[in-house]
Amino acid sequence: AVATMTGEDDAQPRVLFAVTVQTPRHGPKLQRRVMDDDQLHNIDQWKKFGPVFSPSQFSRMLSILERGAHLGARDATNFVGLCWRGGKLMVNEGPDTYFQDPAQQCAYHALSFPSSTPSDARKVIAAYQATFKGNPALLLLTWALGAHLKVLLGFWPHAELQAEKGSGKSTLVKRLERSIAMTMFSGQSSETAFRLLTSISCTSHPVGWEELSARRQDVIDKAVAMLQESYQYTVTRRGAEMKEFVLAAPVLLAGEDVPVKSLIGKLVRFTVEAKQQGPLIPEDLPRFPVRQWLEFLAGHTRHQVQALYADSLTFCRKSCRAALEDGGAKRMTENYAALYTAWRLLAQFADVPENQGNVPHDVIREMNSHISQTSGDRQPWVWLMELVLSEISAGKYRHPYTVDHDEENTLYLAFMPRDVMHHIRTSPGLAQAWDASPVKSHTVLKKQLKAAGVVLKDDVSFTKNGHRTTHAVALSAEKLAEFGMHVQEPDVQAG
């Protein structure tokens with residue numbers, strides 16, 4: 001799997017046996033099953049094709065046939081999409097794979113990519129560009145097609161489709177499914193962690209998850225963890241047979257609410273509004289030539305794509321509204337630069353101008369809007385402080401704290417970071433928030449508070465209810481307000 005994603009020499013090749021059988025019920029269509037050494041002489045495996053009337057003679061035939069198995073040997077890759085095989089970029093479709101359990105290991109195990117001409121690509125691009133002002137539909141199409149650049153860039157962001165009621169989100173998603181043969185999995189298909197795992201395994205072709213917010217919290221937490229891993233790729237093995245799964249597919253998250261606060265640095269966002277609506281995408285619109293698009297990408301070297309990405313990154317950073325030292329914004333800029341790289345390659349493939357419909361401007365606009373609206377959400381300390389302020393307002397915070405003014409009449413909140421982490425860890429109602437938090441030590445919390453510039457004083461003392469607290473941290477209420485958090489004045493605070 002590592003060689004498939006990176007193009008390096010395969011240090012751990014695995015030998016499997018592909019059995020091709022003709023059965024009466026399927027006529028001339030051959031049936032195939034992949035077996036390993038332990039399964040090859042297991043009659044029960046062969047009975048899955050049909051009855052075996054003479055097991056002993058059948059076993060003798062197998063012994064004879066396996067002596068010539070090497071004559072049909074071939075190198076294969078269990079991955080659907082653009083991948084590396086023998087150090088070369090290849091377009092691998094579902095029928096080219098040799099999964100032992102296809103239905104579980106890859107959602108696209110039977111997929112053959114739509115094929116047509118570049119002229120059809122121009123028609124599809126024009127239709128998606130016209131259906132919404134500001135190019136959100138076209139950028140969504142670009143994201144879906146650019147997902148196959150993962151093996152060249154080393155990563156690919158997930159996507160969040162943000163839309164208001166009646167804006168045409170569902171219609172757009174259905175058209176995208178038809179245009180590129182993409183699958184959107186319903187909420188019922190994401191009830192368990194294993195179903196989520198199987199939906200993103202062994203492919204770079206994008207998939208979609210509908211209404212993730214309607215699932216149980218433990219499923220949401222596991223889904224977010226998988227999305228973190230599939231931002232690049234992760235190899236995992238499951239079950240007694242240790243079946244191999246490569247978590248790699250980029251995911252489109254669609255719904256009224258997308259609860260992925262900890263994933264902001266690993267996704268791009270597209271905003272659809274009712275006032276932007278243009279003509280509907282035609283029902284008779286041809287499918288996008290995905291096969292030819294992948295062959296076009298396979299004709300590029302890693303160096304060519306990386307150079308184009310570096311140029312796109314420079315373009316995005318010049319127009320980024322965030323400060324250079326903002327690490328979260330830097331990651332988001334890289335994601336939108338990857339999207340812009342995909343658009344530039346798509347424009348070459350379809351022979352359309354790069355600035356058609358002002359696409360570069362809309363990429364920057366969406367990027368800066370996303371960065372500005374998530375300035376607090378993408379920082380873990382903000383999530384913890386929101387919990388603490390909520391607990392204080394409800395009178396549930398049991399540890400010493402104070403809200404006061406300093407000698408310059410600046411309002412501040414003082415507490416011990418160690419107490420904050422202990423409260424969140426031991427409160428039954430905050431157990432899920434604690435499990436999902438990437439920060440679990442008070443030293444890291446204090447470090448992040450200082451880095452964010454919200455610390456007014458680092459070593460303050462106060463007395464509350466007759467108890468003296470020293471070496472506390474005082475946070476500026478004004479600075480906290482910049483991140484959307486508000487501290488109550490001393491005369492109205494709870495508790």
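Guide: Happy to, and let me begin with the terms: a residue is called buried when its relative accessible area is under 20%, exposed when that area is over 50%, and partly exposed in between. Please keep in mind that this is a predicted model.

With those cut-offs in hand, let's look at helix 13, which runs over residues 302-318. On the face turned away from its buried side, helix 13 carries the exposed residues H303 and K318. Its buried residues are V305, L308, Y309, S312, L313 and C316. Why do they lie on the same side of helix 13? They cover an arc of only 145° around the axis, and that places them on one and the same side. The helix has 17 residues, and from its first C-alpha to its last it reaches 24 Å, close to the 24 Å expected at 1.5 Å a residue.

K150 and S312 are 162 residues apart in sequence, and their C-alpha atoms are 16 Å apart in space. K150 lies in helix 8, residues 150-153. Leaving out residues up to four places away in sequence, K150 touches M5, F155, W156, S230, Y231, Q232, A248 and P250.

Next come the helix pairs. Two packed helices are described by the angle between their axes and the distance between the axes. Helix 16 (residues 380-393) packs with helix 19 (residues 442-452) at an angle of about 105°, with the axes 9 Å apart. That angle makes helix 16 roughly perpendicular to helix 19. From helix 16, P380, W381, L384 and M385 meet L445, Q448, L449 and A452 of helix 19. The residues of this contact divide into 7 nonpolar, 1 polar and no charged.

Helix 16 also packs with helix 17 (residues 417-426), at an angle of about 80° and with their axes 11 Å apart. L384, L387, V388 and E391 of helix 16 make the contact with V420, M421, H423 and I424 of helix 17. By class, this contact has 6 nonpolar, 1 polar and 1 charged residues.

Two loop residues deserve a stop as well. A181 is found in the loop between helix 9 (169-180) and strand 6 (183-185). Its phi is near 60°, a positive value in a residue other than glycine. A181 counts as buried, because its relative accessibility is 13%. N358 lies in the loop between helix 14 (327-350) and helix 15 (359-373). N358 has a positive phi of about 60° although it is not a glycine. With a relative accessible area of 44%, N358 is partly exposed.

Finally, let's step back to the whole protein. Its secondary structure comes to 20 helices and 15 strands. The C-alpha atoms fill a box of roughly 95 × 55 × 40 Å along the principal axes. Of the 495 residues, 49% count as buried. Among contacts with a separation of 6 or more, 69% are accounted for by residues 24 or more positions apart.

Methods
Residues numbered from 1 in each chain as written. Predicted model: local features only at pLDDT ≥ 70, side-chain atom pairs only at ≥ 80, totals over all residues. Heavy atoms only, no water. Helix = DSSP H or I, 4+ residues; strand = E, 2+ residues; numbered from the N terminus. Expected span 1.5 Å × (residues − 1). Buried < 20%, exposed > 50% of the residue type's maximum accessible area, 1.4 Å probe, protein only. Arc of directions from axis to C-beta. Axes fitted to C-alpha atoms, helices over the stretch in contact; angles between N-to-C directions. Parallel < 35°, antiparallel > 145°, perpendicular 65-115°, else oblique. Contact = heavy atoms within 4.5 Å. Nonpolar A, V, L, I, M, F, W, Y, C, P; charged D, E, K, R; others polar.
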